[in-house]
Amino acid sequence: MFTVEQIEHAHSKVQSGADFPNYIKEIKEFGVQSFETWVKDSHTEYFGENGYTTKSRPQYDELAVENKVDKELFINQLKSHQHGETDYMKFCEDCARTGIEKWIVDLNQFSCIYYDKAGNTILTEEIPH
């Protein structure tokens, strides 16, 4: 099964959102089927076959996630990130400021779903593959 170390090594190659599709392809090859990332500290739980899970440690000091969602601003900031204009930390800060609590990536469906603190779906995106 895959390890957090393998995943973190693959993630170290990601400089911006433009690199995300290659990262997804690489970790899918490890056997990752989905993962859930929490904006407050970027800890992530990874899911594989037969109920296998592993979890990363927090990646930074906790961010305060806003209660109110600003979907339009979030989408604009996400597009900037996907075009390589911001790094991962800036993206997480932008998510917190616009009320995004977490995202779940499904590597079988090639989807990324962003959620608010109440568990509402804010945006569903297809991951290029």
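Lys and Arg count here as positive and Asp and Glu as negative, while His and the chain ends are not counted. Each charge is placed at NZ of Lys, CZ of Arg, CG of Asp or CD of Glu. Welcome to a predicted model, in which local features need pLDDT of at least 70, side-chain atom pairs count only at pLDDT 80 or more, and totals for chains, interfaces and linings use all residues. Residues are numbered from 1 along each chain as its sequence is written, and side-chain values use heavy atoms, with hydrogens and water left out.

**View 1. Charges of the protein chain.** The protein chain has 13 positive and 23 negative charges, and their mean positions lie 2 Å apart.

View 2. Strands are DSSP runs of E with at least two residues, numbered from the N terminus.

View 3. Two strands pair if DSSP finds at least two bridges between them. S1 meets strand S2 (residues 44-47) in the antiparallel sense, over four bridges. Look for Phe 35, whose bridge partner in S2 is Tyr 46. Five residues sit between the strands of this hairpin, where Ser 42 takes a positive phi near 65 degrees.

**View 4. S1 beside S4.** Strand S4 (residues 102-106) also pairs with S1 in the antiparallel sense, here over five bridges. Trp 38 has Lys 102 as its bridge partner in S4.
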